[in-house]
Amino acid sequence: MNFKSALTAVAIVSALALSNQTLAADEKNNDEKKEQASSWLNLSQGELKAVEAYATNYKEFIYNAPTELTFVKEAIKRAEANGFKRLTEKSNLKPGARFYDVNRDRAISLIVIGKKGLQQGTRIVGSHIDSPRLELKGRPLYEKQKFALFQTYVHGGIKSYQWVNIPLALVGRVDKKDGTVVEISMGFDEKDPILMVPDLAPHVDHPNRNRTSRDVIQKEELDVIIASKPDFEKSIKQVVEDYLTANYNISVEDFVSAELALVPAMKPRDVGFDRSMIAAYGHDDKAASIASVAAIMEQKLPEYTSIAFLVDNEEVGNINNTGAKSSYLVDLLSGMLYNQQGKDYNEYNLRKLLRNTKVVSTDVNPGVHPTWSGVWELGNAPRLGNGINIKLYGGGFNANSEYTAWTRNYLDENNIKWQTSTYKGKASGGTIGSSLSDDNMEVIDFGVPILSIHSPYAVGSKVDLYSLYKAMSAFFAQK
């Protein structure tokens, strides 16, 4: 090869290398654009209005339903306004009929009967309606340093230091020995007093400065102050006891049979100059449960019977008879199948119903944080504004590939933007899905990304919350 030919060859190689670099750069840019594509960018003006309308309804619903007891009440009110009736053994399960069934005031199922018989399976969206919070111990009242306080313990996983110096409302019920129930809700109205766990001031917190972040405030230090005004003839503790008797007709002994929660008393608020996000208590998992209610309400005559299954106690392991591990759901389906089949009902037909049932287990999970993005493997991390996320846990916990493909198909057909979520290394968390798959139902987990999960005031994207509702509605409508 002569010198001129060699130069030509070098030029060609250089050009090819430059071309490949350009292609690689273009591919990287395209990948980044694809990763960063936001759900907001594809919305029409009509859809933008729909997102805002849903957000307005969402903020009202989540504020009215801080606990499972209050959520069930709010869901019943909305269900009855939309033609749902309480399910009985004699209900006529004709196609299009709408029912609700309540399990011990703490779990609820909303049902729209489909065209196909129940034995051919159902479509279930499962969500949980409890959220991390403080609760009162069985004997909570005590006096210390001339304050009256309530002792508390924790429901669900929290960072304790986040629960000090914020306004807390007291909500729940007291069941008395004579069978009467006293409802308590104090702190949500602006005219109500609030309760609070006070922190140490920076001037005097030197002994605590070597604590790790999780122990800055220990769980046993999360006691709320409830009174401080002295009386010449009574202790502050006795003043509180008299107040409880006068205002609620309860004694301190009645706290043993009470379910009283301390939850943030802050109203949901829009976040950002663009108002694109919502800060609220209880996005986990009201984001999914509110979407479940909205989606089931608009089902008219689905092909398969559609059920919004909303349960308690996910934050503590799906336990007790109102949690997902209870036999309640199978008992409900068994009763409905017996209603349809009568003397032809048998266990084998029930098992066929369960095997033919498809489930979406919906729960939120942490979204990519702008400051601490390094805790995610960003190629598989959910971002606020990018739509719902399909959860891919690995280790045998994923939905099978054919059900995942079926899910992708109806999401894409309905133009519902989705992304994937896989934790980096070791992470904690779970849903109700594994409990339902134990009964041989087909189950997939998806949800939406949220910032500051399990805190008193978490942040979610309006477009994601709306997308979750649309995804559930599309699921119910599948043939």
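These questions and answers cover aromatic rings in a predicted model.

Residues are numbered from 1 along each chain as its sequence is written. Local features need pLDDT of at least 70, side-chain atom pairs count only at pLDDT 80 or more, totals for chains, interfaces and linings use all residues, and side-chain values use heavy atoms, without hydrogens and water.

Trainee: How many aromatic pairs does the structure hold?
Mentor: Rings of Phe, Tyr and Trp (its six-membered ring) pair if their centres lie within 6.5 Å. Planes under 30 degrees apart count as stacked, over 60 as edge-to-face and the rest as tilted. The number of aromatic pairs is 16.

Trainee: Which kind of pair do Trp-163 and Tyr-281 form?
Mentor: Their centres are 6.3 Å apart. The planes stand at 90°, so the pair is edge-to-face.

Trainee: How many residues apart are Trp-163 and Tyr-281?
Mentor: Strands (E, at least two residues) and helices (H or I, at least four) are DSSP runs, numbered from the N terminus. Trp-163 is in the loop between strand E6 (147-155) and strand E7 (168-175). Tyr-281 is in the loop between strand E12 (277-280) and helix H5 (283-297). The pair links distant parts of the chain, and the separation is 118 residues.

Trainee: Is Tyr-281 buried or exposed?
Mentor: Buried means under 20% relative accessible area, exposed over 50%, partly exposed in between (1.4 Å probe, protein chains only). Tyr-281 has 7%, so Tyr-281 is buried.

Trainee: Which residue has its charged end over the ring of Tyr-304?
Mentor: The criterion is NZ of Lys or CZ of Arg within 6 Å of the ring centre and within 35 degrees of the ring normal. Here the distance to the centre is 3.9 Å, and the residue is Arg-123.
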